[in-house]
Amino acid sequence: MSISNTEKEMQCALHWFQGWSFMQKKDFQKDLIEKAVPSKICTLFDAMGSLNVQDKPPSIFQCQLKLFTQWFDGWTDSERNEFLRQLEVLDPNFTSSVNEGIAGTAQQP
């Protein structure tokens, strides 16, 4: 049985996640929260990108986040939910923090 491109993308992103440092996971958490509530949060990478500082090439992590964003934007809501479900199986504490962050944005203007 062949797996779809979306399933391959999810597997790849979950594999990257397992290799990320604590701080990279925190940046990814911010990115996921921003995707869930785009008008309320400015991510670190958005802020850095607006500065147009390009004195060195992007890190592998930044490239991974950029590719993940392209994939995520192309997924259906059902596929996005499946990714988050798989992420929760992999790291329930991380997913809980993402959900708390999303809930916390409800109190922001």
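Which helix of the chain has the lowest mean pLDDT, and which has the highest? Helix α3 (residues 44-50) has the lowest, at 54, and helix α1 (residues 5-19) the highest, at 97. Here pLDDT is the predictor's confidence in each residue, from 0 to 100, and helices are DSSP runs (H or I, at least four residues) numbered from the N terminus. Over the chain, pLDDT averages 86, and 82% of the residues score at least 70.

This is a predicted model, in which local features need pLDDT of at least 70 and side-chain atom pairs count only at pLDDT 80 or more, while totals for chains, interfaces and linings use all residues. Residues are numbered from 1 along each chain as its sequence is written, and side-chain values use heavy atoms, with hydrogens and water left out.

Consider next helices α5 (residues 77-90) and α6 (residues 92-105). Their axes, lines fitted to C-alpha atoms over the stretch in contact, come within 5 Å and cross at roughly 130°, on a scale from 0 to 180 degrees between N-to-C directions. In α5, L84, L87, E88, V89 and L90 meet P92, F94 and T95 of α6, where contact means heavy atoms within 4.5 Å. These residues comprise six nonpolar, one polar and one charged; Ala, Val, Leu, Ile, Met, Phe, Trp, Tyr, Cys and Pro count as nonpolar, Asp, Glu, Lys and Arg as charged, and the others, Gly among them, as polar.

The lining of the second largest pocket includes L84 and V98. Helix α5 gives the most to that lining, with four residues.

Conventions:
Helices (H or I, at least four residues) and strands (E, at least two) are DSSP runs, numbered from the N terminus. On a 1 Å grid over the protein atoms alone, a cavity is a set of points where a 1.4 Å probe fits but cannot get out, and a pocket is an open set with protein on both sides within 12 Å along at least five of seven lines; lining residues have an atom within 4 Å of a point.
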